[in-house]
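Trainee: I have not seen this structure before. Please show me how to read its features one at a time.

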Amino acid sequence: MTSFAANVPFLAKAEGFAHCTALEALAKGALESELPIAVLAGPRRPPFEALGRLAPDDGLLRLLQRHGLEIAVTSDALRAVHVALRQTRNNRCGVALVPNEQLPYVVPLLQAVLPLPRLPEAALVLVVEDNPERSPALCPRRMLAGVDVPTVEPASIDDLRGAIEQATRLSRAGRCAVAIVAHASLLRSTDTISAEPNRIVDAV
């Protein structure tokens, strides 16, 4: 098992390559984003159950704090979206992780709260699992289109990392939620990606 302490230098890196999980790529994308991300919230449920193992690491916490980024483990996806929405009311960006089977509980909330407040830095990004094997009747693209939520669909771990800032920019511009729809296999995968400088560069 990879030590989380060993992952802290990767999250702080401005260059070079490192092997990472999908959740680590999401965290790195939030740190690299030129648009500050205030919270990455999600339930301790597949495929996001490892989110809670990021938070207790002191080195990672210090890095996140310097960037104003909170890792919030919630009871379910609906609570995660509420946590992210709270940031939009404070003129910040919130990111919520949504397992495929919990999307039906999130859609009515989106319908009720959108569009976002007229604040220049408010943004809401959802990372939605697409798992047609476990949830064949719950197509994320169709459900999100029904509430006018545009989607970004990464094809790789590196795309997933970059999608955080891309979706944040789209959300700000359109005053809407933007969903990063990722296949379950991608969210369970690992890859070696190149690091880019974080928004606040730390000495390595």
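Trainee: Which order do the strands of the open sheet have, and is their pairing parallel or antiparallel?

Mentor: First, two notes on the source. This is a predicted model, in which local features need pLDDT of at least 70 and side-chain atom pairs count only at pLDDT 80 or more, while totals for chains, interfaces and linings use all residues. Residues are numbered from 1 along each chain as its sequence is written, and side-chain values use heavy atoms, with hydrogens and water left out.

Mentor: Now the general idea. Strands of a sheet pair through backbone hydrogen bonds, either parallel or antiparallel. Helices (H or I, at least four residues) and strands (E, at least two) are DSSP runs, numbered from the N terminus, and two strands pair if DSSP finds at least two bridges between them. Here the open sheet has 6 strands in the order S3-S2-S4-S5-S7-S6, and the pairing is parallel. Strand S3 (70-74) and strand S6 (151-152) are at the edges with a single partner strand each, so one side of each has no neighbour in the sheet.

Trainee: Over how many bridges do S2 and S3 pair?

Mentor: Strand S2 (residues 39-43) pairs with S3 over 5 bridges, in the parallel sense. As an example, Ala41 has Ala72 in S3 as its bridge partner.

Trainee: Which strands does helix H5 lie across?

Mentor: For such angles, axes are lines fitted to C-alpha atoms, for helices over the stretch in contact, and the angles run from 0 to 180 degrees between N-to-C directions. Helix H5 (residues 77-89) lies across S2, S3, strand S4 (93-98) and strand S5 (123-130), and runs at about 170° to S4.

Trainee: At what angle do helices H2 and H8 pack?

Mentor: Helix H2 (residues 22-32) packs on helix H8 (residues 157-174) at an angle of about 35°, and their axes are 8 Å apart. Contact means heavy atoms within 4.5 Å. On the H2 side, Ala22, Ala25, Leu26, Lys28, Gly29, Ala30 and Glu32 meet Ile157, Leu160, Arg161, Ile164 and Glu165 of H8. By class, the residues of this contact are 7 nonpolar, 1 polar and 4 charged. In that count, Ala, Val, Leu, Ile, Met, Phe, Trp, Tyr, Cys and Pro are nonpolar, Asp, Glu, Lys and Arg are charged, and the others, Gly among them, are polar.

Trainee: How many residues of H2 are buried?

Mentor: Buried means under 20% relative accessible area, exposed over 50%, and partly exposed in between (1.4 Å probe, protein chains only). In H2, 11 of its 11 residues are buried. One of them is Lys28, whose relative accessible area is 0%. Setting aside residues up to four places away in sequence, Lys28 touches Phe10, Leu11, Ala12, Lys13, Arg161, Ala195, Glu196 and Asn198.

Trainee: Why are the buried residues of H4 said to line one face of the helix?

Mentor: The arc used here is that of the directions from the helix axis to the C-beta atoms. In helix H4 (residues 58-66), the buried residues are Gly59, Leu60, Leu63 and Leu64. Seen down the axis of H4, these fall within an arc of 135°, so they line one face. Asp58 and Gln65, on the other side of H4, are exposed.

Trainee: What covers the buried residues of H6?

Mentor: Those buried residues are Leu103, Val106, Val107, Leu109 and Leu110. Their cover includes H5, S4, S5, helix H7 (140-145) and S7.

Trainee: Where does Val178 lie, and which residues does Val178 contact?

Mentor: Val178 is in strand S7 (residues 177-183) and is buried at 0% relative accessibility. Neighbours within four places in sequence aside, its contacts include Leu124, Val149, Val152 and Leu170.

Trainee: Which peptide bonds are cis?

Mentor: Most residues other than glycine have a negative phi, and most peptide bonds are trans. The bond from Pro46 to Pro47 is cis, with omega near 5°, and Pro47 is in the loop between S2 and helix H3 (51-54). The bond from Leu114 to Pro115 is also cis, with omega near 5°, and Pro115 is in the loop between H6 and S5.

Trainee: What is the phi of Asp148?

Mentor: Phi of Asp148 is near 60°, a positive value in a residue other than glycine. Asp148 is in the loop between H7 and S6 and is exposed, at 63% relative accessible area.
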